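Please keep the sequence and the structure at hand while reading.

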Amino acid sequence: MDRIIEDIREYVHSRWTLGELHGITHWDRVYENGRKLLDSDVNPLVVGLFAYLHDSCRMNDGADLEHGMRAAEWIEELRETYLKDVSREDIDLLKEACRLHTIAHKTGNPTIDACFDSDRLDLWRVGIIPDPERLATEKGKEIARNTNY
């Protein structure tokens, strides 16, 4: 795992106070899903960081519609420390993916859409079988069609 992603994983996990529903085991699965969605148009650093940051600012494990926005704001703060070696372009993509991951279906940006699908492919943990038609990438749809939940 890239050092920046590993450092973020350890830091976010160390400060996590909620349960596993949106915690480290979920984040690790989102990371692995994201790796399956990589292609030449998808930024692996952004997808990897998304895995560990997208739910990191949740206030609870239930309905928390502002958690993506809070994560996007926190990412800017992390820019001075853990994310200091990440380009502005990558930070902007990461913030947009976190901000939109619960409110948008698809953006047309391959990296952001891969972030969305990496999270949605783990919906089975809350009793929802990922619907291929509700995924944003062709690879995500294919994984959902070929997975026995």
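Contact means heavy atoms within 4.5 Å. The model is a predicted one. Thr111 is found in helix α6. With neighbours within four places in sequence left aside, Thr111 is in contact with Asp41, Val42, Asn43, Val46, Val47 and Leu93. Thr111 is itself buried, because its relative accessible area is 4% and the cut-off for buried is under 20%.

How many residues of α3 are buried? The count is 9 of 10, so that α3 is mostly covered under a cut-off of 20% relative accessible area.

In soluble globular proteins, nonpolar side chains tend to be buried together.

Leu53 gives a detailed view of this packing. Residues up to four places away in sequence not being counted, Leu53 touches Ile8, Val12, Ala71, Trp74, Ile75, Leu78, Leu83, Leu94 and Cys98.

## Cysteines

How many disulfides does the structure hold? The number is 0. A disulfide is a covalent bond between the sulfur atoms of two cysteines. For Cys98, the closest cysteine sulfur is that of Cys115, and because the distance is 7.3 Å, it is too far for a bond. The cut-off for a disulfide is 2.5 Å between the sulfur atoms. Cys115 is likewise in no disulfide, its nearest cysteine sulfur being that of Cys98.

Both residues are away from the surface by the accessibility criterion: Cys98 is buried at a relative accessible area of 0%, and Cys115 is buried, also at 0%. Cys98 is also among the residues that Leu53 touches.

## Salt bridges

The count of salt bridges comes to 12. One of them joins Glu10 and Arg3, whose closest N and O atoms are 3.9 Å apart. Glu10 is partly exposed, with a relative accessibility of 42%, while Arg3 is exposed at 51%. Another joins Arg35 and Glu32, with an N to O distance of 3.9 Å. These two residues are separated by about one helical turn, because they are 3 residues apart in helix α2. Glu32 has a relative accessibility of 42% and counts as partly exposed.

Are the partners in the salt bridge between Asp122 and Arg125 buried or exposed? Asp122 is buried at 0% relative accessibility, and Arg125 is buried at 18%. Their side chains meet with an N to O distance of 3.8 Å. Elsewhere, salt bridges that share partners join Glu76, Arg88, Asp92 and Lys95 into one network.

Which residues form a nonpolar patch on the surface? They are Trp124, Ile129 and Tyr149, and together they have about 330 Å² of accessible area. Tyr149 lies in the segment after α7 (138-145). It is partly exposed, because its relative accessible area is 38%, which falls between the cut-offs of 20% and 50%.

Arg145 is in helix α7. At 48% relative accessibility, Arg145 is partly exposed. Arg145 touches Pro132 and Glu133, residues up to four places away in sequence not being counted. The C-alpha atoms of Arg145 and Trp124 are 13 Å apart in space, and the two residues are 21 residues apart in sequence. Trp124 is one of the residues of the nonpolar patch.

Methods:
Residues are numbered from 1 along each chain as its sequence is written. This is a predicted model: local features need pLDDT of at least 70, side-chain atom pairs count only at pLDDT 80 or more; totals for chains, interfaces and linings use all residues. Side-chain values use heavy atoms; hydrogens and water are left out. Patches are made of residues with over 30% relative accessible area and no salt bridge: like charges are joined within 9 Å, nonpolar side chains (Val, Leu, Ile, Met, Phe, Trp, Tyr) within 5 Å. Accessible areas come from the Shrake-Rupley method with a 1.4 Å probe; for residues, only the protein chains shown count as cover. A salt bridge is a side-chain nitrogen of Lys or Arg within 4 Å of a carboxyl oxygen of Asp or Glu. Helices (H or I, at least four residues) and strands (E, at least two) are DSSP runs, numbered from the N terminus. Buried means under 20% relative accessible area, exposed over 50%, partly exposed in between (1.4 Å probe, protein chains only).
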